[in-house]
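Dear colleague,

I am passing on the structure we spoke of, with some notes on what came out of it. Please read them with the coordinates open.

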Amino acid sequence: MKYTQLGRTGLKVSRLVLGTMNFGPQTNESDSHAIMDSALEAGVNFFDTANVYGWGENKGRTEEILGTWFAEGGDRRDKVVLATKVYGNMAADGDAWPNHDKLSALNIRRSVEASLKRLQTDHIDLYQFHHIDRQTPVEEIWQAIDVLIQQGKILYAGSSNFPGWGIAQANETARRLGSYGLVSEQCIYNLMQRDAEMEVIPASQAYGLGVIPWSPLHGGLLGGALRKEREGGGARSTSGRSGEALADPKVRAQIQAYEDLLDKHGLEPGEVGLAWLLTRPGVTGPITGPRTQEQLDSALRAIELELPDEVLTSLEEIFPGPGPSPENFAW
């Protein structure tokens, strides 16, 4: 396994992040535990979750699965850099009440205590704001975070789905208050969705945030969707975001060109999608969300994959980026 620093921190994390969103909804507890064991054995030490994972009436279930895994011992908790998120409403459906969501000091305090209980741990290494909260003053957010850091309940704070201006606002406010500020940004970023290159990634680099891309295969679209469609095994790859995208002839042609290119070089689409992200400036490591051991094995192979210059050039031609900002829209 390869490791890097998380942004400007001294924290060393694996270049592959184990995403746990499927644990519970798609993968049962015992299989989830087996996947986490395999990931840890392979050297993956960066695990990402969120308080709302499990979804619907099962919100919090994913954190509980991690908690029972930590409880099995074997230094599991000590070896893992644990990241979770706050923002979503955790009240039972139909039982929502004011202050049960977003980033008020009250909800942050309530949410971190609930996550610690579900996770069966005394601290969270990286506590992430799942979305930007335009109603809560940034000063209030940092006040709450600083208290939690002083109490030893969290170590670092990160953002998720923040715009570039939100990252700047958060860290300039932190600087003024003497707080450490954000150390990471988790954003959608992949070959098909490169908008983050305009401002989110430059802002992250300027403020010393590690970038943690989610949906690195764009909901399976970059994981060999057309091949699976032809083979009749791509029900998931041709539904949801992928199915909607493939209905667009332009997108379908892009994916076909992508798969043809990789067939020519004997490369696997899913592995290339992850390996490409590892070549991008500012990226700490992509989040892989395996439902099965096979999917985890594929992601692990991507860490060692060195993409030839010819392939990188062709990928740029198939999936051109937006270009720098403001040049791409102002000049």
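This is a predicted model: local features need pLDDT of at least 70, side-chain atom pairs count only at pLDDT 80 or more; totals for chains, interfaces and linings use all residues.

The secondary structure of the protein comes to 14 helices and 10 strands. With a radius of gyration of 20 Å, close to the 20 Å that the globule rule gives for 331 residues, the protein is as compact as a globular protein of that length. Along the principal axes, its C-alpha atoms fill a box of roughly 55 × 55 × 40 Å.

Of the 331 residues, 51% count as buried, and among contacts with a separation of 6 or more, 77% are made by residues 24 or more positions apart. The accessible surface comes to about 14700 Å², and carbon and sulfur atoms hold 49% of that area. As for charge, there are 31 positive and 44 negative charges, whose mean positions lie 3 Å apart.

The helix I looked at is α6, residues 164-177, whose 14 residues should span 20 Å at 1.5 Å a residue; the end C-alpha atoms are 20 Å apart, which agrees with that expectation. Its buried residues are Gly164, Gly166, Ile167, Ala170, Asn171, Thr173 and Ala174. An α-helix has 3.6 residues a turn, so residues three or four places apart point the same way. After α6 comes Gly178, which has a positive phi, near 80°.

Note on methods: Residues are numbered from 1 along each chain as its sequence is written. Side-chain values use heavy atoms; hydrogens and water are left out. Helices (H or I, at least four residues) and strands (E, at least two) are DSSP runs, numbered from the N terminus. The expected span of a helix is 1.5 Å times one less than its number of residues. Buried means under 20% relative accessible area, exposed over 50%, partly exposed in between (1.4 Å probe, protein chains only). The radius of gyration is taken over C-alpha atoms; the globule rule is 2.2 Å times the number of residues to the power 0.38. Contact means heavy atoms within 4.5 Å. Accessible areas come from the Shrake-Rupley method with a 1.4 Å probe; for residues, only the protein chains shown count as cover. Lys and Arg count as positive and Asp and Glu as negative; His and the chain ends are not counted. The place of a charge is taken as NZ of Lys, CZ of Arg, CG of Asp or CD of Glu.
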